[in-house]
Amino acid sequence: MKRPVALAAIAALLLPAALPAQSPAEPVFSAAAVRAHVDFLSDDLLKGRDTGSEGHEIAARYVASQFEGMGLKPGGDTKEGKGGWYQRIGFQKTERTATPGTLTVTGPAGGKTWAHGTDVLVSMNAAEPALDVSAPLVFVGYGIENARFGLNDYAGLDVRGKIVVALRGYPKGLPSEEGAHLSATKAQAAQAHGAIGMLSVGTIQSMKARPWSRMVHFADEPDFTWVGADGKPFDEAPGIRASASLNEPAVDAVFAGAPTTIAAIRKQADKAGGKPKGFPLKASVRIKIESRSERVTSPNVVGILPGSDPALKDQYVVLSAHLDHIGVTPAKPGDTPETDRINNGALDNAAGIATMLEVARAMAQAPVKPRRSIIFLASTGEEKGLLGADYFARHPAVPVKQIVGNVDLDMPLLLYPFTDVIAFGADHSTLGPIVAKAVAPMNVRLSPDPMPQETIFVRSDHYMFVKQGVPAVFLATGFANGGEKAWDEFLGGNYHHPGDDMSQKIDWDAGARFAEANYRITRAMADSDTPPAWYQGDFFGDIFAVGAVKAAR
């Protein structure tokens, strides 16, 4: 049984006042403060901080009260009427009805229908509550186009008005972060060629990294998207009306009579540089699904520490962490009243918020303030698709051209005494050497991405800043000194599970150490004579920051 949430709140609220002021050279970070923040935010009474829930609203008010106690300036919407700490976002929440969807394949062997959640996973469309789409199929390889890497999977194919069938992931041999981005933008590529739907098929590599059983486990969660000023749900590829993922029986039906078997295609794709060619398929597909939608709101929480340098204070560094988690798991057969169904999200991502709050406290108490201004962002809707960060990056508290860099904190694994950190995205800008130099005095080193198959670069909030041209990294604890085992066990166990709570053997000293690392990194970004910059010729800088000043490698 946890201690009453009110006592944890009082203890945590007193911490900023109880800790001494710090100098920028020798900040002191409190393991007790990190623990108190995590304890409050992962308490059962917040019921997993789901986007749009009362628990998330309580968490948002907790963070806002911390910002106010530190003397930060509000950076949200003044129209909110509660001090301006909140950037209130309207979301459309779309859920399945009692008839959750079907996919019918008609081909040389006749027709067969699968229900959603069996060997097909049918996606909902927020704009079409009664979706019914039929079209011929065209296989498009990975469904990727990029001249830089010599990829043109749509060459010679006519997909106008058709449904494309694409392999999941990206060709072996591509840099992982560039490949992750290209994989994440397949729908836009299909839309640009006139397709109206997309089916995803696993490769040998993708099926190992994400088995079908894991995909089915999350298949019935509601879909969210933010709602624009025009009242329409946001969709980067509205022309792709229907989409679904296929398991083996449905894959076999789709490729029946094809000139190349799916086994041969997968074998080719599993080789370095393998790029299976596309071709029209002999089957067609009908996708039907009914859904219902409602509008909910949920806030980002934004605090600003003004910079001290008159020449640099109008430039901003963003330190972000997502505040939301996944709420309460629906009851299953065999559950009892004692079954724990609350996904508390202690490490994902109360620990990231706690880190951000400790950095903010140290910054606010420093006798010499950072030269550039700092925006502290506790985002919502990350678990729904990085939505709060996407909304903020498109509707920032200051003009986006004044945001010079972002460090995002998502799920620091505070289960071991880490000796290295991973900065996903570090190779693309001067943020890489900034991070490495900042943490070196702590005897912490910067390590490369140890799990590129997870495409983490496009799965955390920093990616939304990258898409707006801002150099950004996502910082996590590394694989050294027991980290690899801890990550493997967490991702295979407590991740997105009720076990991610305060019963874990959390290393609170590692929490204080992670806060120190992020203080040093953020301070280095804020105090340097020149802001972070994309490297000349960098893939992301060339796409998203065309006119920006670039740095030599």
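Modeller: In this predicted model, helices H2 and H15 are roughly perpendicular to each other (65 to 115 degrees). Helices here are DSSP runs of H or I with at least four residues, strands are E runs of at least two, and both are numbered from the N terminus. H2 covers residues 31–41 and H15 covers 508–527. They pack at about 100 degrees, with axes 8 Å apart. Axes are lines fitted to C-alpha atoms over the stretch in contact, and angles run from 0 to 180 degrees between N-to-C directions.

Who touches whom? H2 supplies Ala-31, Val-34, Arg-35 and Val-38. H15 supplies Trp-508, Asp-509, Gly-511 and Ala-512. Contact means heavy atoms within 4.5 Å. These residues divide into 5 nonpolar, 1 polar and 2 charged, with Gly counted as polar, and Asp and Arg as charged.

Now the strands. S3 (residues 102–107) and S4 (residues 110–115) run antiparallel, joined by 6 bridges; pairing takes at least two DSSP bridges. A hairpin of 2 residues links S3 to S4. Thr-106 has Gly-111 of S4 as its bridge partner. S3 also pairs with S13 (residues 279–305), antiparallel, over 5 bridges. There, Leu-103 is partnered by Ile-287.

Two notes on reading this. Numbering starts from 1 along each chain as its sequence is written. Local features need pLDDT of at least 70, side-chain atom pairs 80 or more, while totals for chains, interfaces and linings use all residues, and side-chain values use heavy atoms, leaving out hydrogens and water.

Key:
Angles under 35 degrees count as roughly parallel, over 145 as roughly antiparallel, 65 to 115 as roughly perpendicular and the rest as oblique.
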